[in-house]
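Visitor: I would like to learn how to read a sheet and its surroundings in a model. Where do I start?

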Amino acid sequence: MKIPLLAMLLGSAALKVGDRAPDFTLPDTDGVPVTLSKLLQKGPVILAFYPKAFTPGCTKQNANFRDRYADVAAKGAQVVGISTDDVETQRRFKAEMKLPYPLLSDAGGKVAKQYAGTMAIVGVANRANFVIGQDGTVKEIVEGGDAVDPTAAIAACPLRKGT
C-alpha cells in the first residue's frame, strides 16, 4: 500500500475517535494556564488546532469558528484555538480577529504532537478540530482543509451534561 507524499509530510491524527483525550495545561493570551480537564467540567470542548496565526487558512478557520460560536455555545460547549505560536502572537491574533474564545500557545508543539501531530521540518501544528466530550473522550476528528469549516465539529459536539 502506497502512502501519499502529502500524508507522509503532514502526518495524521495521533488520536482516534473513542480515545481518551490527553490532559494538558497551556498558557492563554494573558499567560494564564488553561487545563483541558478543567474546561471539560464546564462542558464539551472543540480543540481547533491551526498551523500559524495570521496566515490565510488559519485566519479563515478562526473566523469561521468566531462566526459560528453561537452554535457552539447553544450546545453548552466551548472552542479553544491552539497553535505553536508564542503567547504574544496569539494575543495579537485573538485581538485582531475579535475571537470570543481562548487561544492557547503550544510553543514547542508538545500538545499538538499528542493530538493532530506537527508538520515535518517546520514543526507547526497540523490543522485539525478535535471534539472532546465531557467524559474526556474524543467524539470527532476533522483534519486538514476540512477543519477550516467548523460545521462537522459543531454537529458532532455533544450537548453539555445537565442541559
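Predicted model: local features only at pLDDT ≥ 70, side-chain atom pairs only at ≥ 80, totals over all residues.

Guide: Start with strand order and pairing.

Visitor: In what order do the five strands of the open sheet come?

Guide: The order is β5-β4-β3-β6-β7, and the pairing is mixed. An edge strand pairs on one side only, as do β5 (103-105) and β7 (138-143) here. From one strand to the next, the twist averages 20 degrees.

Visitor: How many bridges join β6 to β7, and do these strands run parallel or antiparallel?

Guide: Strand β6 (residues 128-132) is joined to β7 by five bridges, and the two run antiparallel. For a residue-level view, find Ile132, which has Val138 of β7 opposite.

Visitor: Which strands does helix α3 lie across?

Guide: Helix α3 (residues 56-67) lies across β3, β4 (78-83), β5 and β6, and its direction is at about 160 degrees to β3. Helix α5 (residues 87-97) lies across β4 and β5, at about 165 degrees to β5.

Visitor: Now a loop. Where is Gln41?

Guide: Gln41 sits in the loop that links α2 (36-40) and β3 (45-49).

Visitor: Why is Gln41 classed as exposed rather than buried?

Guide: The class rests on relative accessible area, and exposed means over 50%. Gln41 has 64%, so Gln41 counts as exposed.

Visitor: How far apart are Gln41 and Thr137 in sequence and in space?

Guide: Gln41 and Thr137 are separated by 96 residues in sequence and by 13 Å in space, C-alpha to C-alpha.

Terms used: Residues numbered from 1 in each chain as written. Heavy atoms only, no water. Helix = DSSP H or I, 4+ residues; strand = E, 2+ residues; numbered from the N terminus. Buried < 20%, exposed > 50% of the residue type's maximum accessible area, 1.4 Å probe, protein only. Pairing = 2+ DSSP bridges. Axes fitted to C-alpha atoms, helices over the stretch in contact; angles between N-to-C directions. Contact = heavy atoms within 4.5 Å.
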